[in-house]
Amino acid sequence: MKDCFDPRSYGAVADGHSKDTAAVQAAIDAAAAQGGTVRLAGGTFVCGTLYLKSNVALEITNSATLLASPDIADYGTDTHHNRYRNEPELDRCFLFAQDAENVTICGSGVIDGNAAAFPNAGSIYRPMLLRVLRCRNVRVQNLRLLNAAAWATAFLDSDFIWATDLHIENHRNYNGDGLDFDSCRHVWVRGCYIDGTDDNLCLQSSGLPVQDVHISDCAFTSVCVGIRIGLKSIGEISGVVISNCTMRNIWREGIKLECTEGGSAFPVF
């Protein structure tokens with residue numbers, strides 16, 4: 001059995017006020033050295049940007065909340081840029097994984113983006129909750145993702161992604177996307193509830209093809225779009241299967257197909 005790492009052993013206090021970034025990151029780094037689970041339990045861990053690593057599971061138990069720091073200075077500037085040029089204020093992020101494999105974020109607890117704190121005075125930035133770049137075998141499971149300051153998630157150029165049994169509420173700010181996949185392949189989205197102020201689920205291609213996407217048994221509520229396929233469509237988008245989903249109080253389109261940049265889209269309903 002892989003080892004379990006407790007951030008309290010590295011100095012975390014989980015009192016909802018103190019900054020636990022260094023302690024939680026130290027636990028992640030220790031787990032990455034051999035593979036293991038970083039388990040958050042019994043409190044509220046306030047953190048800035050956390051860098052996720054290969055072969056590490058970050059588990060937020062039902063007695064824990066991972067709360068985004070209200071100070072934009074606590075967020076790294078090396079977490080890749082937002083690819084949409086008209087939204088540079090979304091460049092920062094809370095959780096970041098790059099060129100990693102076997103990354104898991106799980107548990108029955110809460111990840112809270114602290115949306116009410118952003119933007120800070122004198123800053124334009126509003127951090128995303130999660131950004132994944134060029135990763136493989138990523139699982140985000142059985143969590144509540146609440147109050148992102150911008151998008152809840154952005155999966156970029158990644159393969160084999162499971163987003164399952166998530167409860168996402170992202171309606172405290174604009175740009176309140178739920179699950180965004182750009183140039184990803186082999187994706188399973190299942191059993192998710194998403195309520196937000198922008199696209200609940202978005203599939204786009206900034207270059208690499210989007211292939212083999214399965215969306216099932218989800219419930220969508222949005223000020224904008226339930227499922228958006230396209231807009232950025234440089235590469236082909238194909239093999240998208242949508243089944244057994246409900247859409248309620250969608251203000252614009254339930255399912256929106258756009259192909260504006262030369263690619264082709266072949267979804268299946």
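This is a short tour of the structure above, one selection at a time.

Before you start, note that this is a predicted model, in which local features need pLDDT of at least 70 and side-chain atom pairs count only at pLDDT 80 or more, while totals for chains, interfaces and linings use all residues. Residues are numbered from 1 along each chain as its sequence is written, and side-chain values use heavy atoms, with hydrogens and water left out.

**Stop 1**

Switch to a cartoon view and look for an open sheet of nine strands, paired in parallel in the order 2-4-7-10-13-16-19-22-25. Its edges are strand 2 (15–19) and strand 25 (246–247); each has a single partner strand, so one side of each is left without a neighbour in the sheet. Strands here are DSSP runs of E with at least two residues, numbered from the N terminus, and two of them pair if DSSP finds at least two bridges between them.

Now select residues 110–112, which are strand 10, together with residues 144–146, which are strand 13: the two pair in the parallel sense over three bridges. Within this pair, V110 stands opposite R144 of strand 13.

**Stop 2: salt bridges**

How many salt bridges does the structure hold? There are 12, each counted when a side-chain nitrogen of Lys or Arg is within 4 Å of a carboxyl oxygen of Asp or Glu.

Show the side chains of K19 and D74, which meet in a salt bridge at 2.7 Å, N to O. This pair links distant parts of the chain, 55 residues apart: K19 is in strand 2, and D74 is in the loop between strand 7 (64–68) and strand 8 (93–98). As for accessibility, buried means under 20% relative accessible area, exposed means over 50%, and partly exposed is in between (1.4 Å probe, protein chains only). K19 is partly exposed at 45%, and D74 is partly exposed at 26%.

Go on to R185 and D159, whose side chains form a salt bridge of 2.6 Å, N to O. R185 lies in strand 18 (residues 185–190) and D159 in strand 15 (residues 159–164), so the pair ties together parts that are 26 residues apart in sequence. Are these two residues buried or exposed? Both R185 and D159 are buried.

Next, pick R228 and D199, another salt bridge, at 3.1 Å, N to O. R228 is in strand 23 (residues 227–233), while D199 is in the loop between strand 19 (193–196) and strand 20 (201–205), 29 residues apart. R228 and D199 are both buried.

**Stop 3: backbone details**

Most peptide bonds are trans, and most residues other than glycine have a negative phi. With that in mind, zoom in on F118 and P119, which are joined by a cis peptide bond with omega of about -5 degrees. P119 is in the loop between strand 10 and strand 11 (128–133).

Then select N142, which has a positive phi of about 60 degrees although it is not a glycine. N142 sits in the loop between strand 12 (136–141) and strand 13, and it is partly exposed, with a relative accessible area of 44%.

N175 is found in the loop between strand 16 (167–170) and strand 17 (179–182), and at 8% relative accessibility it counts as buried.

Key:
Helix = DSSP H or I, 4+ residues; strand = E, 2+ residues; numbered from the N terminus.
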